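Here is a short briefing to read alongside the structure. Keep the viewer open as you go through the points.

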Amino acid sequence: MNDIAPVIIFNASTRLAGLSLNAGFSLISGWSLRLAGVPVINFVCQAGMSHCMLGSVLGKPNDPPPCSTCVQQSQNLFPHSETRWFNYSPNAELAAKIDTLTVDALSNVVFQDIPFGELVLPAIRWVLRRYQLQDDDQTRYLYRQYILSAENVARHFLKLISEKVPQSVIVFNGMSFPEATARWLALQKNIPVITHEVGLMPLSAYFTFGHATEYPIDIPDSFKLSEEQNRKLDQYLTQRFQGDFQMAGVRFWPSMQPLGQDFLDHAAKFEQIVPIFTNVIFDTSQSHANVLFENMFTWLDEISNLIPAHPKTLFVIRAHPDEMRPGKASRESVAGWVKNKGLNSWPNVYFVDADQHINSYQLIQRSKFVLIYNSTIGMEATLLGTAVICAGRSRFTRLPTVYFPQSKPAYLELVNSFLNAREIPLPDEFKENVRRFLYTQLFRVSLPFDRFLDEDNVWDGYVRLTDFSWQALLPQNSQTMKTVVEAVLNKQTFEIDL
């Protein structure tokens, strides 16, 4: 074992006092790697940041984090593991350099050749529940503290990887700032980095050598669904189209209401319906989407400019149901954008807020075509036989699944042409590719951890350990753990066919 380079695991952003799904994934994976003979070092925060992401969302963003309960939880999780704890000692030179900077200047901070401002930016947006940051005291303070904390993480992590020279590093998603910093440093040293996020199936994980929030899934041209695989996918889709699904322990549709008569009467006044499905703006996955437009609201502004020229089209703007999730409500919301634009008073605009659980699938089936930024409902619309125009890069745009123009002018031209067209073509390859992608995402790269983890029935997204013996973690006794261990050791895709 002494000849095997260690694997370093770092996850400081998914749990405080309890065990979250992602904390469970890294914990179980570390145990299995150790049982397979791979040395594992847990890089663990010991009040090592002045402010952290989960601590910032418990109350006011600038409140200090609850370090004592978090450290106690870490001690409970790693009693017999090799750990490298790090505490907090801010860099005085960096603190002086950033003390009077604006938010815009903070986003461009580079210190000792490390782009801390850029690495921290997704975390600031996530915590403040907005994409476009305000240049106020609260935002500047939090940004400075995150940069100082990221530099502290960098200093300790760089020392660790220089001493231990790991074969690879496993971190949570790679976008939250502590893990993003560790990932950046490891890649600079040519150390492979694995990131993980929740999979699409309940209690499942997605691991990748890329950015987990981007879902970089490559599907070979040769992959075709068998009859059994098609049947399995159809069973899942039957449930999903009834709203019976969840992700990260959260059920977005506690109920799904049919389209009401008031809506149907209003829609009957128009020649065609075009839904506009939006995303949660602060979600870290959104940074990967912005290739045609600066952000989702820039896209919505452009769409709103088209609406007056098409009075016979009813545009239905659908806010994402996660915009109003308790404890995660957006501060920069689609509802706020609609209000500021005065769109509620436009005769050919119908707004559906995040807490209105209308049946989006019924809406899609009545629509001429669908506009999305990069929402997964674009795949479902394709399967329902309705064409989709996508405005942002998505996990499924790697394949021809929706219409995805390659420039903003081309996008706006296509939307206009669809609005004026009599019929919208839907290539057969779009449906086939959606099915290939969905099957892969559901059953090949979503690794099931339900043998080891179960919902704790207290907090959404938090879990408890099931009753299992250590033998169950051995790769020869678990297809999931075999996949994880072999992918880590051989630097291959984390893929399983269930």
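Asp234 is partly exposed in this predicted model, with a relative accessible area of 37%. Its salt-bridge partner is Arg435, and the closest N and O atoms of the two are 2.9 Å apart. Arg435 belongs to helix α16 (residues 428-444) and Asp234 to helix α9 (residues 227-240), so this pair ties together parts that are 201 residues apart in sequence. Arg435, for its part, counts as buried, at 19% relative accessibility.

**Other salt bridges**

- In total, the structure holds 17 salt bridges.
- One of them links Arg84 and Glu163, whose closest N and O atoms lie 2.8 Å apart.
- Since Arg84 sits in strand β4 (residues 82-86) and Glu163 in helix α7, that bridge ties together parts 79 residues apart in sequence.
- Both of these side chains belong to partly exposed residues: Arg84 has a relative accessible area of 23%, and Glu163 has a relative accessibility of 44%.
- Another bridge joins Glu495 to Arg444, with 3.0 Å between the closest N and O atoms.
- Here the segment after α17 (479-490) supplies Glu495 and helix α16 supplies Arg444, so the pair ties together parts 51 residues apart in sequence.
- Glu495 is partly exposed, with a relative accessible area of 31%, whereas Arg444 is buried, with a relative accessible area of 15%.
- Asp135, Asp137 and Arg140 form one network, joined by salt bridges that share partners.

**A buried arginine without a salt bridge**

- Arg130 is worth a look in the viewer: you will find this residue in the loop between α6 (116-128) and α7 (137-164).
- Which side chain of opposite charge is nearest to Arg130? That is Glu332, at 4.6 Å.
- A salt bridge needs a nitrogen-to-oxygen distance within 4 Å, and Arg130 has no salt bridge although the residue is buried.
- Setting aside neighbours within four places in sequence, Arg130 is in contact with Arg125, Ile281, Phe282, Arg331 and Glu332.

**Overall fold and dimensions**

- The secondary structure comes to 17 helices and 15 strands.
- How does the radius of gyration fit the chain length, and what would a compact globule of 498 residues have? Such a globule would come near 23 Å, and the protein has 23 Å, which agrees.
- Along the principal axes, the C-alpha atoms fill a box of roughly 70 × 60 × 40 Å.
- Of the contacts between residues at least 6 apart in sequence, 73% join residues at least 24 apart.

**Burial, surface and charge**

- Of the 498 residues, 60% are buried.
- The protein exposes about 20900 Å², and carbon and sulfur atoms supply 48% of that area.
- There are 43 positive and 49 negative charges in the protein, and their mean positions are 1 Å apart.

Definitions and conventions:
Residues are numbered from 1 along each chain as its sequence is written. This is a predicted model: local features need pLDDT of at least 70, side-chain atom pairs count only at pLDDT 80 or more; totals for chains, interfaces and linings use all residues. Side-chain values use heavy atoms; hydrogens and water are left out. Helices (H or I, at least four residues) and strands (E, at least two) are DSSP runs, numbered from the N terminus. The radius of gyration is taken over C-alpha atoms; the globule rule is 2.2 Å times the number of residues to the power 0.38. Buried means under 20% relative accessible area, exposed over 50%, partly exposed in between (1.4 Å probe, protein chains only). Contact means heavy atoms within 4.5 Å. Accessible areas come from the Shrake-Rupley method with a 1.4 Å probe; for residues, only the protein chains shown count as cover. Lys and Arg count as positive and Asp and Glu as negative; His and the chain ends are not counted. The place of a charge is taken as NZ of Lys, CZ of Arg, CG of Asp or CD of Glu.
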